[in-house]
Amino acid sequence: SAIFNFQSLLTVTLLLICTCAYIRSLAPSLLDKNKTGLLGIFWKCARIGERKSPYVAVCCVVMAFSILFVQ
């Protein structure tokens with residue numbers, strides 16, 4: 001159902017990026033062994049979360065504000 005609602009899709013994407021970056025900070029070998037293929041998506045999300053962390057953090061704050069106060 002998140003595919004049909006754009007705000008839900010953005011929320012799920014942000015949560016995926018943040019979760020993958022957090023898991024990689026705890027156990028790097030868990031995501032580093034799967035850099036290609038279908039499970040490589042999680043490694044790529046972790047890299048986005050690490051390298052673009054200020055932008056991801058701002059997006060998370062904006063999304064939280066939107067969910068809490070706009071809806």
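## Terms and basis of the model

Two residues are in contact when heavy atoms of theirs lie within 4.5 Å. The structure described here is a predicted model, in which local features need pLDDT of at least 70 and side-chain atom pairs count only at pLDDT 80 or more, while totals for chains, interfaces and linings use all residues. Residues are numbered from 1 along each chain as its sequence is written, and side-chain values use heavy atoms, with hydrogens and water left out.

## Confidence

The predictor's confidence in each residue is given as pLDDT, on a scale from 0 to 100. For this chain the mean pLDDT is 88, and 96% of the residues reach 70 or more. Among the elements of the chain, the lowest mean pLDDT, 86, belongs to helix α2 (residues 28-32), and the highest, 91, to helix α3 (residues 40-51). Where pLDDT is low, the predicted coordinates should not be read in detail.

## Overall architecture

The chain contains four helices and zero strands, where helices (H or I, at least four residues) and strands (E, at least two) are DSSP runs that are numbered from the N terminus. Read from the N terminus on, the order of the elements is α-α-α-α. The C-alpha trace spans about 40 × 25 × 15 Å along its principal axes.

Of the 71 residues of the chain, 20% count as buried, a word that stands for under 20% relative accessible area, whereas exposed stands for over 50% and partly exposed for values in between (1.4 Å probe, protein chains only). The accessible surface of the chain comes to about 5,400 Å², and 72% of this surface belongs to carbon and sulfur atoms; such areas come from the Shrake-Rupley method with a 1.4 Å probe, and for residues only the protein chains shown count as cover. Among the contacts in the chain with a separation of 6 or more, 54% are accounted for by residues 24 or more positions apart.

## How α1 meets α3

The axes of α1 and α3 come within 7 Å and cross at roughly 90 degrees. The two helices are therefore roughly perpendicular, since this word covers angles of 65 to 115 degrees, while those under 35 count as roughly parallel, those over 145 as roughly antiparallel and the rest as oblique. On the side of α1 the contact is made by L16, I17, C20, A21 and R24, and on the side of α3 by F42, W43, C45, A46, R47, I48, G49 and E50. The axes themselves are lines fitted to C-alpha atoms, for helices over the stretch in contact, and the angles run from 0 to 180 degrees between N-to-C directions.

R24 is found in helix α1 and counts as buried, because its relative accessibility is 17%. Leaving aside residues up to four places away in sequence, R24 touches L31, D32, W43, A46, R47 and E50.

## Residues along the helices

T11 also lies in helix α1, which covers residues 6-26. A polar atom of the T11 side chain lies 2.8 Å from the backbone oxygen of Q7. If residues up to four places away in sequence are not counted, T11 touches M63 and I67. In helix α4 (residues 53-70) one finds S66, which touches Q7 and Q71 when residues up to four places away in sequence are not counted.

F6, placed in helix α1, is exposed because its relative accessible area is 59%. I41, placed in helix α3, is partly exposed because its relative accessible area is 43%. The C-alpha atoms of F6 and S25, 19 residues apart along the chain, are separated by 29 Å, and those of I41 and S25, 16 residues apart along the chain, by 16 Å.

Notes: A polar contact is a pair of N or O atoms within 3.5 Å; within protein, one must be able to donate a hydrogen and the other to accept it, and residues adjacent in sequence count only if both atoms are side-chain atoms.
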